[in-house]
Each structure stands twice: as structure tokens, then as C-alpha cells.
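Here are my notes on the model. Please read them with the structure open.

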Amino acid sequence: MYIKNLLIILMLLLVGTSAMAQTSNFALQGVVVDAKGDPLAGVTVAIKGTTQGVSTDVDGKFSLSVAQGATLSFGFMGLKSQEVRVTSQEWLRVVMHEDAIELEETVVIGYGTAKKEELTSAVVKVGKEDFNPGVTNNLVNLIAGKVPGLVIRNTAGNDPNASPEILLRGIGSVRAGSTPLVIIDGVYASIADLNSLSAQDIESFNVLKDGSSAAIYGTRGSNGVIIVETRKGAAGRSTVEYSSDYYVETPTRKLDVMTAEEYLGLLAKKGLSAANNDYGFSTDWMSEMVKPAFGHSQNVSFATGTENSELRASVGYRQADGILLNTGNKQTNGHITFKQFFFDKKLRIEGTASGANRKMQYTDYGALNQALIYHPTAPVRAYDDNFFEFQGLGAYNPVALLSQESNRGERFIYSGSLLATLDLLPTLKLTAMAAHNNENEEGSHYITRESRRSVVDNKEGTASTSSHFYKKNTLELYGTYNFVMNEHNATLVAGYSYNDEKRVWDNASNSGFLNDQLGAFNIGNGTYLEDGRATLGRGGDEARLIAFFGRASYSYNGKYLFNASLRREGSTRFGENNKWGWFPAVSVGWRITEEEFMQGIDVLSNLKLRAGYGLTGNQDIPRYQSIAKLNDLGYTYYNNAWQKAYGPINNSNPNLRWEKNSEYNFGLDIGLFKNSLTASIDYYYRKTTDLLDWYDAQIPASIYSTIFTNVGTLTNKGVEFTVGYDLATINTSLGNFNWHIDAGASYNQNELVSLSNDTYKANHIIYNTLSAPATGQPTYILEEGKPIGTYYGLQYKGITSQGKWVFNEVVEDGSYDDKDYQYLGSGLPTWNFSLANTFRYGNFDLSFQMRGAAGFEVLNVKRVYYENTVSLPFNLLSSVLDKNLNDAAVFSDYYLEKGDYLKLTNVTLGYTLNLKNKVPYISAVRVYATGSNLYTFTGYTGVDPEVGSGLTPGFDNAGYYPRSATFLVGLNITF
């Protein structure tokens, strides 16, 4: 009996074990849908506590071998993660909802993406819904005023062929470049590449502002990184979009010069012959050169997608006529993106192709200078219908200057990339990317035989041509590993990058032509070629960059965040002893609102602390500066004959290295009232060492007296604020009314810490000297303890009754010279700020944006030259009539003016009509009207205080492009 009972017990145990074995592992199938019931493809389905998992297919379905009682975690970018305990059912339906915290926005970072809620660095994303509307000749203006710390200054106004100055967190170099790195769809690019797109092609800008986010790009990340995402096709959707706009550009503020009557009256008052300077006309030269201009743009895009493929293609045309005589450009461009899946979506091939052709007609800023001083009594044309010109030396007829010269350019840009991603394992993917960029540019300039320049120089016409060829190849290979276990979430990235660039350029000039019929196309027929006075040149250079990089990201329970990256990079631009370097970065974050002690505080929806450090470099310097370059040195007498000589033209520097930026960033992100009110504040400290500049070299052992080397130190520190507030949402019978405010501000303090080291010394560097009539006078100084852009000159005390200067004498020796020079202020703004309001009511929307700067001075060079009667008989600014100045033109703080300004940059009114299911084939129609650059609030007496660039901020030169406002109407149709 005992044995029988024991056998029964063993059999029951075996049956139970077998049953357990059968129930512990079974094939679970299911589907994942969103709140609307639509299937979600690409959702990660993982068994909690293990590394096992799958992804849902295009129909949202999945199949997974699981044990009863196991917990499945469901994750999808932008939706709230879920956990589901498995029971005995063999079919599971999971509904995923949007995250109520609304911080799930995906941001592009170096070699990957991150949820906004998990960012530990200073990274800002601006999507297409927040772009600045209206006319833009440079697409980076789409985010002007949208990112605190990113300053986009159109110092040339609306010149259709000019590029804005782009600075991120201040000026970071003296001689190397200061423009942020641009990346388009993962491919290294430039501002020129960006402008080969249409605004309708861009999905978002992602701005990496601090060192901890940019360090993964090594020697190209010191000025920050702007990552651009273009629009893509979508699975299961086919759309056609058409956009069109037409605008008129009208001149606004201009300088007031003396009228013919005022001019003749002042001549008489000063005892000069009015009769000899009266040509019987009253001409407003600026009005003769500046006129309203018209422009338009057209863009058509096609997007479609299936289960295994996505495609979007667009073509656009843009014509921008300038308000200045004979200026403008025309551009045709196209852009294609595609994505194709293979092998059950384990392999994804993506690609982009872009091309643009731009034809430009450049202006001569010198003509604007001539328009200020040319006789207002002179006619545009003489009685024989030829342009009126004075005999001999003197001013040039500005209308003739623009009409008798042709300065044209044509640029063709194309680029393409292929990216392959292989899901080798559910947690491991490998990526390979290859890209090619190509840019060809040709320019021609022709001065006609009748032009004053030809007559004065006795050249009978001058032609010059130039061409520029640039190509860049990129190859990158990297792997991404994701690890999820319980509260632990980690991502590892490691890879290799290769980049090579090649440039070739040539130029030619010739003079002495029989006629002007062919312009620069006739360049070979000038007599200067026969006389040996024509010029011909050709040059080229190459550069390569190789890097190995890695990044680790870790999150514990969604509360404690950690990121670290390391890049080992080598560049051919630097010396033999310093071609390679390390670029590390680390950052951490703490989501305080996820802590248990914060639960129940409903008013606070987000509170996160961030801190980071990163080391970046700057390789944006002229190439071949570390080696001795050989060139033509003329002729030498050797072996009883004159021989052509070649030799080094500069000193070599095998120790030349990149400038290094070490940056600390501390940030706080806040969300209140379910994130209807959001705010961020960042403090940063950036120290740039090994600044590059030209220094005196000892002869011998050096061949030449100067050398390009690393010496100085520069710092930028500041604070950035941003606030967003959904001020009101009111439900009405006609629709919802919503009012949203965005405000931002940034403060930057720049200081040049040192200019010397143990080998090379420089107490200070004065620079940017003025031309006649203030010939040779410096205006700026680089000196330790002062910011870049510090004005340096005489300090004004007064003007005598005889109209003579009185300056402050530091050294009282009876003369005014460099011993009396003082620091006079800075042209670099310390504050930049912006404010945007958006109102939506039903189908209507109204928005306006303002931006400005404060804490700087502007040097009004036009007053230096043209507000002094000593410059008669040239015409002058009308403000001279209120002055009693008749002395030599001298720069002093008398000409420095407060530059603070606030601009009303944009006002837009639009109406969107939703026609889906109402009109065949048309989903929506939007019409809108936009006014741009409408008004500038400032006390500055010049045309615009937003002037100067680089080392000369606030420098308002004599030549300038007139400022204008634009008024646009636009139409968008979605089919």
C-alpha cells in the first residue's frame, strides 16, 4: 500500500511538472493599437527581466514565446510605456496612449535620438509648426529668435545674396571659424547646402548648444551643432502638397542726406562757390537706386508609403529680386527621401538626394557709399543721354556704377546619401552611412568701356572670371545596443567616421576690349593678354578627418539619467605633433517629479535638473598652415641665366593644434499646470584655449617674421531663459480660442583672457583701420581682460566755436595720438531676447514675433565720414546742418551710439479650411498674409543697429544694403 501511494504521488508530480512545462512556455500573439484603434508598427515588446523581445509588424501584430505569469513591457516613442501581466490567454490586445506629461518629443542628437524628457544636455528642437513664416533668403532664418543663445543677425538686411552671421553662445574664436556645424539628415553640410532646400522640405531644427551634446563631433563641435531633419513619407498615406507665395519688398528707413537746396546753402555759408557746384537738378540718388521689388516661390511635393517603403519628392522654384538696382537671384531645387524595408523589416535602406541651381546677380556696396556723397544737383544722365560723370578724380555716379557693371554668379549644389540599418538582434542594430556633397560655382564680373572706372584707369573694359569646385565624401559605421532590465535602461553607441574634402579654384582677368557685346565671355580677346598684363591663377587643397567615437546613455527608473561620450579624432589640418586628440563629455539629469515625495503635487508636472561637461575642438582654419607651402618667388640669377625660383612662403609649425573649448552647463526644466506653463534656464561657462593667431617669429630660426600658432585664451559665460505659456483656451460655438506665448532671452559675457604664452607675446592688437578721410585710424583692440569688439580711440570732450575737436588728453603733450587712446565700449551685445504670440480661433490664426538686443554700442562710420563740413564739396548727411564741425575726420566715442533695439520681425494672419471628405481629392487649404521686418524701435540714428560681424561687431560701414519690409500672401493646398 505504501509503495502504491508513493507511485501515485510521483505520477501526480510528473503530471503537474509536465503541465507546468506546458503552461510555462506558450506562443502568445497579439496586436498593439493607438487610442484611435489604428495599428502601431515598431512597438518594442519585451519580457521584463530578460533581454528577450520583438517588435510589432506593420499591422501592429507580434508573436512571442512567454511563460504564464510573465510581465510584458510595451514601449513606443511618444507614447506612454505599459506593462501587462500574461495570463493563460493566447491573444492579447494592447492600447497605447499619449503620455500625459507631454515630454515624449523625440530630439535628434549625435548618432541617434533621445526623448526630450531624458535629455541631460542643452538641446532645443524647433519643429516646422514653429518656423518663422514669410520671406527668407536663408533658411536658417526660419528659427531666428526661437533658440535662446543662438543669434542669427542679418547684418546685410534683405540682400538676397548675403548670408546672416550665426553665433551660438558668443564669439568663440579670433581667427578660426565661429559658425555652428550643420548636419542635414545625418550628413555633414553647410549653410549653402541648407539653402539648396525649400522651407517646405524641412521638418525640424535640433540645436545642440553645449559641450556635452556637441563633443561627439570632436573638432567640428566647438561652435555648437545644428541638426536638420527633412520631411519624409509615411506608411499608408499618399499626399500631394502645393505651396505658393508672392510678395512685394518696399524700402523702409534710409539715411537723410542734404537736398540740392540745403547743399547749395551750406556751400554758400562756408564761402565755397555754389555756382560752380550747381548743375541745375535736384536728385535723390538713393531713390534712383532703390525701388520696390517683387518675388515669389512655388513648391510641389509628393509623398507616399506602403508597408515596406516610404517616399517623398519635392521640386521648388524661388525668385528673389532685390530692392537695389540690378540685384537678385533665382533658384530651382529638388529633394528626394526614401526608405525601403527588407527581410521582415530587419534591414532598412534610407536615402536622400538634393540638387539646386542658383543664379545670382550681386550688387556693389560701394555704389551706396557714392549715393551719400554724390552731388544732389547733378543729373542721372547728361543731355546726350549718357550717364553724367564728373571729369577727373572724385565721386562716381552711383546709378551708372550699378548699370555699367555686371557681377554675376551661378552655383550648382547636389548631394546624396545612403544609410543602411540592420537589426542584427532585437537589441542590437548596425548602421552604415555613405554621403557625397558636390558644389560648383562660377562667377563673372565685367566693367564696361564707358564706365568711370574704365575711363579713370584707362583700361577700356575689364573682365574677370572665377570658378570654384568643392566635393566632400563621408563614410560612417556604427552600432547601437539597447539594454532594458527592470528599472534599468541603457544604450551604447560605438562607431567610426571618415571624411575627406577637396577644393579646386581658378581665376582670370583681362582688360582692353574692342566692345562690350560679350562681356566676360569675351575675356580672351582683351589686349592685356597680348601685353602680358592679364592674370591667371589656379589652386586647390585637400583635408581629411578620421574619428572613432562612442556614447553610453543610462536611465534608472526614468528618474536618474546619465550620458557619456568619447571621440578620438585626427585631422590633416594640424601639425605633425598634434594631429590626434581626445574629446570627452559627460552629463547627468535628475527628474525630480518622478520621485515619490513629489507625488500628489499636481501643480508641478515637470522638474528636472541637468549638468554637463564637454571638450570640443575647432578645426575651421585655413589649410596647410602647419607646413611650409611652396610658391613662385620670382626670378633668380643662376648659372649665368635668370631662372624661375620656387620656395617656401610661410613658416612651418609642426605643433599647430586645434583650439579647445571646455564647457560646463547647468540647467533646470520646469513644467506647471500639466505643462501649460514651461520654462528652462541654463547657465554655461565656456573656456577656449590655444587660440590661433599670427604672432611675431624670431629670425632665424624662422624664415619669415610671422607664424600661425596657438597662444591665447577666451571665455564666454552666460545665462539663457525660455518660457512657454498656453495663456488661455476657451471653447466657443465657433471653435476653440487659444493664446500661446513664447519668450526667450540670453545673456553672454565675453572676455579675452590672454594673448601671450612663454614663447609668443602680444600686449594688445589694434585693428580695423578706417579709410579716407580718416585714413589709418584703428577702431578696435584685442587686449587681455576685455571682450572682443572693444572700441579703442580718443575720448570726446567737445567742439570749439571754430569747429575744432577737443579730446581728452591722457598724456598732456598738446597733441592727440595713440598715447591718448582709451577703451570706449563694446559692439558685442550682452543681451538678446525674443517674444512670440500665437492666437488661434476656429480656423483663424494670428501671430507676431519681436526680437532685439541690448548692451552694446554701434560705430556710425557714415557720421565719421559725412557729418563734417571739411568733406565739402561732397554731399553730406543732413545732420551736418546742426553741427559746427569743420576739422579732420577723427574716430572717437563721439560717433558711438547706443545700439539697443527691438524689432517687429513678423506678423501673420491665416485661415485654414479643412476639406477632408468634403471636396474630392483636397484635404485642406490654407491662405495667409505675412508682413516681415515691419519696424525697428531704436534710438540709433543710422539705418539699422544690427550691423557688423566677427571681430568687428557693431561696425556700421559706409556702404550698406538698404533696409526693407516685405508683404506676402501665400497659399498652401494639401491633396
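1. Phe574 and Trp658 are both buried (under 20% relative accessible area; exposed is over 50%, partly exposed in between, with a 1.4 Å probe and protein chains only). The model is predicted: local features need pLDDT of at least 70, side-chain atom pairs count only at pLDDT 80 or more, and totals for chains, interfaces and linings use all residues. Residues are numbered from 1 along each chain as its sequence is written, and side-chain values use heavy atoms, with hydrogens and water left out.

2. Phe574 and Trp658 form an edge-to-face aromatic pair, 5.1 Å centre to centre with 80° between the planes. Rings of Phe, Tyr and Trp (its six-membered ring) pair if their centres lie within 6.5 Å; planes under 30 degrees apart are stacked, over 60 edge-to-face, the rest tilted. Phe574 sits in the loop between β27 (560–571) and β28 (580–591), and Trp658 in the loop between β31 (641–648) and β32 (659–672). They are 84 residues apart. Helices (H or I, at least four residues) and strands (E, at least two) are DSSP runs, numbered from the N terminus.

3. Tyr792 and Tyr823 make a tilted pair: 5.7 Å between centres, 40° between planes. Tyr792 belongs to strand β38 (residues 790–793) and Tyr823 to strand β41 (residues 822–826), so the pair ties together parts 31 residues apart in sequence. Tyr792 is buried at 12% relative accessibility. Tyr823 is partly exposed at 38%.

4. Ring pairs also link Tyr796, Trp805, Phe807, Tyr816, Tyr894 and Tyr895 into a cluster.

5. Look next at Thr908, in strand β46 (residues 901–919). Thr908 is buried, with a relative accessible area of 2%. Its contacts (heavy atoms within 4.5 Å), not counting residues up to four places away in sequence, include Pro133, Asp845 and Tyr928.

6. In helix α4 (residues 260–269), Ala260, Tyr263, Leu264, Leu266 and Leu267 are buried. Seen down the axis of α4, the buried residues fall within an arc of 160°, so they line one face; the arc is that of the directions from the helix axis to the C-beta atoms. Glu261 and Lys269 are exposed on the other side. Gly271 follows α4, with a positive phi near 75°.

7. Strands β8 (residues 106–109) and β9 (residues 112–115) run antiparallel, joined by four bridges; pairing requires at least two bridges found by DSSP. Val108 stands opposite Thr113. Two residues lie between the strands of this hairpin, where Tyr111 has a positive phi near 60°.
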